[in-house]
Amino acid sequence: MHCKKGLLLLIIVSGIISAADNWIASLLLPSIADTFGVQVSAASAVLTAYLIPYGLLQPVYGHLSDRYGRGKILILLMLFLAIFTLLCSTAKSLAWLVLFRFCTGCAAAGIIAVCLGVIGDAYDEKDRQKIVAIFLGSVFLGQGLSAALGGWAVARFSWREIFLAFSALSAVSFVSLFTLNFKDAPKSGSESFVKSLASLRGDAALLRSYFLALCNGVIVLGAYSFIGAYLLKKLGLSSNFAGACLMLYGVACFLAGNAARYLKEKLPLKEILSLGFLASASALCLLASCFAVTAYVGTFLLGFGYVCAQSVLASAALRCGSAKGLSSGIIGTAIFFGGGIGTAVGGKALEYLSYQGLFCGFAALAAALLIFYRASFNGTREI
């Protein structure tokens, strides 16, 4: 048990760094836009450039970890994350920054998927949803804390210096993983990527989970990408207060992750998933109200809803025998590619809509998803 706790702590740290490397950019958007003389909507391309490869390549890295071992892949990914984040700090134009953020997303793509694969190998199915929830909640708590520190840092350092700091953190994580001699998880054999993918295609419950994760990404991660700029530009909050608000998202994720063990005992998984979608829709309505207090409450509720939904979907994706890394990668592709789509569409929508209109649009999508889910899957036993 002690060994498992050490392993969980190790992968949580890796997950925090890979995820926070992107979400800190939400606070940096106004500064990046000012540096290159563009609108925030144009600068949001740095978020999309990270999220799309971050999602698309996760199944590839998940499959590689199934074949060659989780530890080796994780160590290499942390090394390249450090290198490309360093290059981001040197970008001379927005185009170069977008390119380097794309490369950073490619490097970071497999970290969450590989970590979830480790959980799938190390824990039995009866404990898996609880551990996945703790992992996701802890990762987002780390992101929230980094956002709070980011609010303080944005007021004192340039976005280049902040990317440089994340590069250093990634390098430290890489060295720590190597020094600790991370042991590889059991390998699944030599089955090709295409054959492994085909083996998952016939599982209707898995396909359902992937689809719901995609929708959840479009709505929650797409909306979250603009909260930092909304707090700074529309509500006129200082970077410190904006960072504290974003920290609430991480705190809510952590609390939801720890509450999952109790919710699972009281409610069926389908109801926990519905609760997550309902919380997200309510949160986005609160964000659209244009008051600082409701923005704080909405941001907190958005994090709670995200982990309620995503912990159920991510644990469901691990019910696939030896291809846990690949299946985790697909769920990651769905959520983060969805986030990339949501961010890209949101950036375009901001050219025509206010921030209130943007959040109202995301709220309508969340409500539609909840209605669709209840109508389509009611009566089924599995997610």
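Cys290 sits in the loop between α14 and α15; helices here are DSSP runs (H or I, at least four residues), numbered from the N terminus. This is a predicted model, where local features need pLDDT of at least 70, side-chain atom pairs count only at pLDDT 80 or more, and totals for chains, interfaces and linings use all residues. Residues are numbered from 1 along each chain as its sequence is written, and side-chain values use heavy atoms, with hydrogens and water left out.

**Exercise 1.** Decide whether Cys290 counts as buried, partly exposed or exposed.

*Solution.* Start with the cut-offs: buried means under 20% relative accessible area, exposed over 50%, and partly exposed in between (1.4 Å probe, protein chains only). Next, take the value for Cys290, 23% relative accessibility, which is why this residue counts as partly exposed. While you are there, look at the backbone: phi of Cys290 is near 70°, a positive value in a residue other than glycine.

**Exercise 2.** Check the span of α7 against its 12 residues.

*Solution.* First, recall the rule: the expected span is 1.5 Å times one less than the number of residues. Then consider how covered α7 is: 11 of its 12 residues are buried, among them Ile111, Ile112 and Ala122.

**Exercise 3.** Describe the largest cavity and its lining.

*Solution.* Begin with the term: on a 1 Å grid over the protein atoms alone, a cavity is a set of points where a 1.4 Å probe fits but cannot get out, and lining residues have an atom within 4 Å of a point. The model has 2 cavities of 30 Å³ or more. The largest holds about 130 Å³, a volume being the space filled by probe spheres set on the points, which are joined across faces, edges and corners. Of its 17 lining residues, the closest to the centre are Ile112, Leu136, Tyr306, Ile335 and Phe336. Among the helices, α16 gives the most to this lining, with 5 residues. Finally, sort by class (Ala, Val, Leu, Ile, Met, Phe, Trp, Tyr, Cys and Pro are nonpolar; Asp, Glu, Lys and Arg charged; the others, Gly among them, polar): the lining has 12 nonpolar, 5 polar and no charged residues.

Technical notes. On a 1 Å grid over the protein atoms alone, a cavity is a set of points where a 1.4 Å probe fits but cannot get out, and a pocket is an open set with protein on both sides within 12 Å along at least five of seven lines; lining residues have an atom within 4 Å of a point. Helices (H or I, at least four residues) and strands (E, at least two) are DSSP runs, numbered from the N terminus.
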